[in-house]
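Welcome! Have the sequence and the 3D view open side by side, and take your time with each stop on this short tour.

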Number of protein chains: 2
Amino acid sequence: MITVEQAWHIIQNQTRDYGTEAVAFERSLGRILAEDILADRDMPPFDRVTMDGIAINYTDFAGGNRSFTIAGTQAAGDEPLRGSKPDHCVEIMTGAVLPEGFDTIIRYEDVLITGNHAEVIVENIRRGQNIHNKGKDKQQGDVVAAKGRVISPALISIIASVGKTNVLVKKFPKVVIISSGDELVEVDETPAIYQIRRSNNYTIKAILQQQGLQIDMVHIPDEPNVTRDEISRCLDNYDVILLSGGISMGKFDYIPQALEEVGVTKLFHKVRQRPGKPFWFGANDKGVLVFAFPGNPVATFMCVHRYFLPWLQDTLGLLTQKRYAVLAADFTFEPDLEYFLQVQTTMAPDGRTMATPLAGNGSGDFANLADTDAFLQLPADRTDFEAGEVFELFQFNRN
Amino acid sequence: MITVEQAWHIIQNQTRDYGTEAVAFERSLGRILAEDILADRDMPPFDRVTMDGIAINYTDFAGGNRSFTIAGTQAAGDEPLRGSKPDHCVEIMTGAVLPEGFDTIIRYEDVLITGNHAEVIVENIRRGQNIHNKGKDKQQGDVVAAKGRVISPALISIIASVGKTNVLVKKFPKVVIISSGDELVEVDETPAIYQIRRSNNYTIKAILQQQGLQIDMVHIPDEPNVTRDEISRCLDNYDVILLSGGISMGKFDYIPQALEEVGVTKLFHKVRQRPGKPFWFGANDKGVLVFAFPGNPVATFMCVHRYFLPWLQDTLGLLTQKRYAVLAADFTFEPDLEYFLQVQTTMAPDGRTMATPLAGNGSGDFANLADTDAFLQLPADRTDFEAGEVFELFQFNRN
């Protein structure tokens, strides 16, 4: 049986490029930028006043003058005034263009205005103060946001200010979730004693929704022909198939066989991990990928976070960082498997992320899952894990 | 001038309750649960088989029998078989109900099946193994998810499995963003040299969109009557008004006056912080809140994260944790103001969050903002901040 790291490397070798598409910038939040955003003009585009007050020529001040004739007023959005004279000033507002012949802004708090005269009442004036100079942040043509980044609210600001009404973003794969298992009924149905409601598919859908993906859902009965036909149809219409259930050793686990019959090559089946050991992964010759997760809700949930989301991020070209947390209590796990330990994280006042185990009742216990916000990946070659040790963290349920 | 902490306390005293609403569970992701979710039946609802294999009566095994007659097969979703006999077993699948008269599951890996006989080939069998007992996780009527929590993908799973097709969530406030400033033109326009494109409003909208809020946008010219009328109209139609710009000392900063004229009481104006010092906050007698932020993009961005989002979380009843990070390089800031230092965070292999300063060119420099993912709040009473010190962290641009 392969290890988690081996499984991940096999998956990582199957990243894809689904191309790009243009979207309206207001709908681009959370998407991955697929073009460099260039400054359409300098940033700021002009010598920009950063305080309300008066604009003077510093030479007048340096020459000893403290009283200035107000030659006019210039608001943000006004065309700049022209034709300055010695010992004149302009009343000027934040965001305005520095008018010709002036080089220094003195804020209102530091002047006394009487009629059309302004008297400077402080001495510590610096030439050029309170001006955000043209091109100081970026020059026209500079890259202000490089492709490959997530479009955050701050990036929205940049995209808006350079006038990109449409922006090129990475296309998402077309994903379908296939659930299986004759014990499952719909959420609005009342299950018989031996049935339960479908929930895995909604959970996976929600996880992917948080990444911005809209995905389809299909349910198939435990019947080999229907299983084969439905998978075949999905292979023609989607880039990725996520399956939940039907891959264990049960008599009615038709999925591995059905997958091979419709041309999906198995890249691995079973990983040395808990939960999620029966995980099956494959691809067909057109590059459609199949992540077939175990039917247990917690196992599916963990596998989506440990394998599918990192694959999606790699596929979209996102740089991601490894995360770590400090185990906050001793923990013992005996089987020779890597263990995805459910934890609640908190942040200590020294800046460390602490992870308190909340192991739950196994892979069927999704009530426990909602009380946790991450899992620690504990190595297979050990049994005892001590408070204070640091392990790799995979976070979910983040706000 | 008040401190950041004082400003926050004034705002925190203005939390509101906007009531609740029912939404379809598939549309509830990210909302705040406003009712306890109860188990509609035990979890698991029956003694649930967790391995594919055979079900036996442990007494037979303990009595020395290793060969069992297969009395039938029971899949997940089948009605449980009845009428067990000594030394009989049932082939049984993961997710199935434990049939009457059986109490132990032996996985396929540990049996040899020939015709209708199953021979157990291992000795370490434990009574009750591989069964997830009825009610072990939760009992019927137990709270499986308490109100006040964010609806995460894991909660979606719980909500689906108890059959809650509609779920009661906290209502969001109705929020409008008013931008002002005659220097601003629309994103699809080409600005004159003295103009810039509107971007603040889109950024705020994007931040709130990440919290699930849909909000309206209004732009008003720098004209006192229009300013007053438009604010008045918004006070009648929204719970919260976010303003950006027009609150400094400029001659055309009509907003503080307009707000007081239409009955909004000032609760504070100006906070001892950078950026965002001119921040104005008030409320009218109907409880409508006005957050009037400075027009500089970075100042507005910081104020939304430092004040508005925490207010929103308090209002929705969310429990949030303080976050901390370790300053990764020395930093100096002289003015007697609290400083919101833009940083890039990374996670060290010891689990600490490290924050590298990337101070930028002041509050007009939003190009810098997109390169950072958080700010540290540095206290006002100091000038030198050393690498290794820990400060409170406010995170944004999170994936």
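Let's begin at Lys270(A), which sits in the loop between β18 (265–269) and β19 (273–274) of chain A; here helices (H or I, at least four residues) and strands (E, at least two) are DSSP runs, numbered from the N terminus. This is a predicted model, in which local features need pLDDT of at least 70 and side-chain atom pairs count only at pLDDT 80 or more, while totals for chains, interfaces and linings use all residues. Residues are numbered from 1 along each chain as its sequence is written, chains are lettered from A and ligands numbered from 1 in the order in which they are written, and side-chain values use heavy atoms, with hydrogens and water left out.

**Positive phi angles in chain A**

- Lys270(A) is not a glycine, yet its phi is positive, at about 85°.
- With 27% relative accessibility, Lys270(A) counts as partly exposed; buried means under 20% relative accessible area, exposed over 50%, and partly exposed in between (1.4 Å probe, protein chains only).
- Asp87(A) is another residue other than glycine with a positive phi, near 60°.
- You can find Asp87(A) in the loop between β5 (67–74) and β6 (88–92) of chain A, and its relative accessible area of 31% makes it partly exposed.

**Chain A as a whole**

- Chain A has 8 helices and 28 strands.
- Its radius of gyration is 31 Å, well over the 21 Å that the globule rule gives for 399 residues, so chain A is more spread out than a compact globule. The radius is taken over C-alpha atoms, and the rule is 2.2 Å times the number of residues to the power 0.38.
- Along the principal axes, the C-alpha atoms of chain A fill a box of roughly 95 × 50 × 40 Å.
- Of the 399 residues in chain A, 56% are buried.
- Among contacts (heavy atoms within 4.5 Å) between residues of chain A at least 6 apart in sequence, 70% join residues at least 24 apart.
- Chain A exposes about 15900 Å², and carbon and sulfur atoms supply 45% of that area. Accessible areas come from the Shrake-Rupley method with a 1.4 Å probe; for residues, only the protein chains shown count as cover.

**Buried places in chain A**

- Why is helix α3 (residues 153–161) of chain A described as largely enclosed by the rest of the structure? The reason is that 9 of its 9 residues are buried.
- Among the buried residues of α3(A) are Pro153(A), Leu155(A), Ile158(A) and Ser161(A).
- Just after α3(A) comes Gly163(A), with a positive phi of about 80°.
- Pro173(A) belongs to the loop between β12 (166–170) and β13 (175–180) of chain A, and at 3% relative accessibility it counts as buried.
- Though 154 residues separate Pro173(A) and Gly19(A) in sequence, their C-alpha atoms are 9.3 Å apart in space.
- Leaving aside neighbours within four places in sequence, Pro173(A) is in contact with residues including Tyr18(A), Leu213(A) and Trp311(A).

- Asp52(B) is in the loop between β3 (48–49) and β4 (53–56) of chain B.
- Is Asp52(B) buried or exposed? At 5% relative accessibility, Asp52(B) counts as buried.
- Apart from neighbours within four places in sequence, Asp52(B) is in contact with residues from both chains, including Ser248(A), Met249(A), Asp253(A), Thr94(B) and Arg107(B).
- A polar atom of the Asp52(B) side chain lies 2.7 Å from the backbone nitrogen of Thr94(B).
- Glu109(B) lies in the loop between β7 (104–107) and β8 (111–114) of chain B, and at 35% relative accessibility it counts as partly exposed.
- Not counting residues up to four places away in sequence, Glu109(B) touches Met249(A), Lys270(A) and Ile121(B). This brings us back to Lys270(A), the residue in the loop between β18 and β19 of chain A.
- The C-alpha atoms of Glu109(B) and Ile121(B) are 8.9 Å apart, and the two residues are 12 apart in sequence.

**Cis peptide bonds in chain B**

- The peptide bond from Met43(B) to Pro44(B) is cis, with omega near -10°; Pro44(B) is in the loop between β2 (37–38) and β3 of chain B.
- Arg274(B) and Pro275(B) are also joined by a cis peptide bond, with omega about -5°.
- Pro275(B) is in the loop between β19 (273–274) and β20 (280–283) of chain B.

Definitions and conventions:
Polar contact = N/O pair within 3.5 Å; in protein donor to acceptor, adjacent residues only side chain to side chain.
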